[in-house]
Amino acid sequence: MAASDGAGPWPGGTGVGGVSEAAARGGDRRAAVTAVHAWLAGAPAPIGPAAVARFPFAPVLRHYRAVGRGYAGDELVGLLRTIHSRLSGGHASRARLAWPLPDWLPSTADQAGGGYDGYLAVPLLDSPAGADLPPHRAAADLLRALAADLLELEVRALGRRPGRVQRQRARACLGVLARLRADAVPPPSADEDLAELAAAWIAETAETTAPRVRMVTELSLLPMTPLHDEQMFVRCLQLFETLYRRIGDALAAARDALVRLAVERARVLVADAAGLLALSPALYRVVTTMPPEVFAVIRAHTDGRSAIQSRGFRRIETLCGGSLQEAALRAGERLGGVATARLCADLTRLDEAWCAMKRTHWGITVKIIGTVPGTGGTTGAEYLRRAAAVPLFPALAARPVGVPA
C-alpha cells in the first residue's frame with residue numbers, strides 16, 4: 001500500500017482487537033516532517049555519529065506507531081528516502097559511522113513491495129554486535145529486550161482494558177520472558193500482582209541490556225497499521241527471527257566442531273540450540289490470542305510479506321539437511337562408539353522439536369486464516385502441513401550416526 005495521509009476505519013478501543021495506545025493518542029505528521037526537515041538542513045556530508053545522535057527519532061516513531069507505516073504520509077516518507085539515498089551512496093565505513101540510520105531507514109519507506117526482512121527491520125535486528133558487544137551477547141540481549149518490550153506492551157493494555165483474552169495474552173508474554181530468564185516463578189493470579197512482577201522484570205532487563213540493543217529494540221517497531229495486535233505480532237516475529245539466528249549460529253558451530261571430531265563440544269552446542277527452540281511454544285501461545293478478523297486486516301496490509309521468506313529459518317533447514325548432517329555422519333564413521341550414538345540421540349530430539357514447532361505453526365494457521373492461499377505464493381495451511389512432515393536430518397533417520405553405510 002502506498003504511503004497515505006489518511007487512515008482506514010479502525011476498530012474502537014485499545015488492546016486486543018483494537019488500536020494501539022499510540023494510535024489512541026493520535027499522530028502528528030507535521031511535527032515529524034518539521035523535525036526531519038530541520039535535521040536534514042543541518043546534517044553534514046557525510047553523515048556521522050554526531051548528526052545521527054541529533055536525528056529526531058522520537059517524533060517519527062510516535063507518528064509511525066500512531067497511524068501505521070502504510071499511512072505515514074508521502075512527504076515524511078519521501079524525506080526519509082532522501083536521507084537513505086545520501087547514506088547508501090557512501091562507503092561501508094561511512095555507513096557504519098551513521099549507524100543505525102542505514103539499517104533503520106529502509107523499513108520506514110517500504111510501504112509497497114517490501115519483503116519480510118523490511119517488515120521486521122531484520123537488518124537492524126542483525127546490527128547490534130560490535131567491537132564491545134560480541135554477536136552471541138548481542139543476540140541474547142536482544143531476545144530479552146524484545147520479550148520485555150512485548151510484555152510491557154500487553155501489561156499496559158491489560159491495565160487500560162482488562163478482559164479475558166488480554167489477560168491470557170499478558171500471562172503468555174510473562175511466560176516468554178520467564179523462559180528467557182530460566183525463571184520458575186508461577187504466574188500471579190491477580191492482575192495487579194502480574195503487573196508488579198512484570199514491571200520488576202522489565203526494569204531488570206533494561207538495566208542489563210547493552211545501549212545499542214536498547215536502541216534497536218526501540219527503533220524496530222514499525223507496524224503497517226495502527227492496530228495493537230500488529231505490534232504484538234511484529235514483536236513475536238522479531239523474537240522468532242532472533243531465535244532462529246541464535247539457533248543457526250549454534251548449529252554452525254556444532255558442524256565446525258564435528259569437522260574437528262570434537263563430538264562432546266558439538267553435543268553441547270546442539271543442546272544449546274534445542275534449549276533455544278524450547279522458547280517457541282511460549283511465543284505461539286501469545287500469537288494464538290490474535291482474533292482472526294484482526295489478522296485478516298493485518299494480512300491485507302502486508303501482502304507479499306511471508307514467513308516463508310525468513311532467511312534464518314531457511315538457514316537452519318539448509319544447514320541441518322546439508323553440512324551439519326554430513327559432518328555428523330562422517331564423525332560417526334570415523335569414531336563410532338557411545339559418544340556418536342549420543343550425538344545421534346541429541347540430533348533426533350532436536351529434529352522432533354523442530355517438526356513439532358512446524359506442526360504448531362500449521363495448526364495456528366488453520367485456526368486464524370483457515371484454508372485460504374498463503375502469502376509468498378504458497379498454498380497456505382496445506383503448504384505448512386506438508387512442510388511439517390519434512391525432517392531436519394533425513395539421512396540420519398535413514399542411517400543413524402555411528403552405523404556404517
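1. A residue counts as buried when its relative accessible area is under 20%. Cysteine 173 has a relative accessibility of 1%, so cysteine 173 is buried. These values come from a predicted model.

2. How many disulfides does the structure hold? The number is zero. A disulfide is a covalent bond between the sulfur atoms of two cysteines. For cysteine 173, the closest cysteine sulfur belongs to cysteine 236 and lies 6.3 Å away, which is too far for a bond, because a disulfide needs the two sulfur atoms within 2.5 Å.

3. Cysteine 320 is in no disulfide either. The nearest cysteine sulfur, in cysteine 355, is 10 Å away. Cysteine 320 has a relative accessible area of 0% and is buried.

4. The largest nonpolar core has 118 residues. Those touching the most other members are Trp39, Phe55, Ile83, Leu101, Trp104, Leu251 and Leu258. Helix α14, residues 228–259, gives this core its largest share, 16 residues. In soluble globular proteins, nonpolar side chains tend to be buried together.

5. What does leucine 251 touch, leaving aside residues up to four places away in sequence? Its contacts are Val270, Ala273, Ile316, Leu319, Cys320, Leu324 and Leu350.

6. Serine 220 sits in the loop between α13 (211–219) and α14. Is this residue buried or exposed? Serine 220 is buried, at 1% relative accessible area. Its side chain makes a polar contact of 3.0 Å with the side chain of arginine 235. Not counting residues up to four places away in sequence, serine 220 also touches others, including Leu120, Ala121, Leu124, Leu125, Leu146, Val234 and Gln238.

Notes:
Residues are numbered from 1 along each chain as its sequence is written. This is a predicted model: local features need pLDDT of at least 70, side-chain atom pairs count only at pLDDT 80 or more; totals for chains, interfaces and linings use all residues. Side-chain values use heavy atoms; hydrogens and water are left out. Buried means under 20% relative accessible area, exposed over 50%, partly exposed in between (1.4 Å probe, protein chains only). A nonpolar core is a set of buried Ala, Val, Leu, Ile, Met, Phe, Trp, Tyr and Cys residues joined through side-chain atoms within 4.5 Å. Helices (H or I, at least four residues) and strands (E, at least two) are DSSP runs, numbered from the N terminus. Contact means heavy atoms within 4.5 Å. A polar contact is a pair of N or O atoms within 3.5 Å; within protein, one must be able to donate a hydrogen and the other to accept it, and residues adjacent in sequence count only if both atoms are side-chain atoms.
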